[in-house]
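Subject: Structure handover

Hello,

Here is the structure I promised you. Please open it and keep it on screen while you read my notes below.

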Amino acid sequence: MKDRVKQANEMNISDWLDKKEAENIDVSQIVLPDELSYDEVPDETIFFEEINFDGILSTADHPFSTVERFGHWYYCRGRDKVTGNHSSGMEWKLFTKDKDLALKIAKSHIE
């Protein structure tokens, strides 16, 4: 019974973003609550590219760009290519409902 109540009260990323947007909050750069960002997997990964000259076993930070779909929201994020192949920092992110915009931004950060 407790599990059913818990499931009914849980909010997914898409619903949470809709709620924030309805509160007139700019969600494009919003930070997700930990309980949402760690527990939910995307419905789909639309795009992913990584620049990794070291090979698959490298544990270094590499530039990457990805677009993931959560319901009707697209989450673009990555690490800019201008940081170099082994640099941390220069992370970026964007939430949008516009798939084409999400893909355009993700690709522009990795080119």
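Strand 1 (44-50) and strand 2 (64-70) run antiparallel and are joined by six bridges. Strands here are DSSP runs (E, at least two residues), and helices are DSSP runs too (H or I, at least four residues), numbered from the N terminus. Phenylalanine 47 stands opposite valine 67 in strand 2.

This is a predicted model: local features need pLDDT of at least 70, side-chain atom pairs count only at pLDDT 80 or more, and totals for chains, interfaces and linings use all residues. Residues are numbered from 1 along each chain as its sequence is written, and side-chain values use heavy atoms, with hydrogens and water left out.

The open sheet has four strands in the order 1-2-3-4, with antiparallel pairing. Two strands pair if DSSP finds at least two bridges between them. Strand 1 and strand 4 stand at the edges, each with a single partner strand, so one side of each has no neighbour in the sheet.

Now helix 2 (residues 13-22). Its buried residues are Ile13, Ser14, Trp16, Leu17 and Lys20. Buried means under 20% relative accessible area (1.4 Å probe, protein chains only). Seen down the helix axis, they fall within an arc of 165° (taken from the directions from the axis to the C-beta atoms), so they line one face of helix 2.

Last, threonine 96. This residue is in strand 4 (residues 91-96). Threonine 96 is buried, at 11% relative accessible area. Beyond four places away in sequence, threonine 96 touches (heavy atoms within 4.5 Å) His72, Trp73, Tyr74, Leu101 and Ala102.

Best wishes

Definitions and conventions: Buried means under 20% relative accessible area, exposed over 50%, partly exposed in between (1.4 Å probe, protein chains only).
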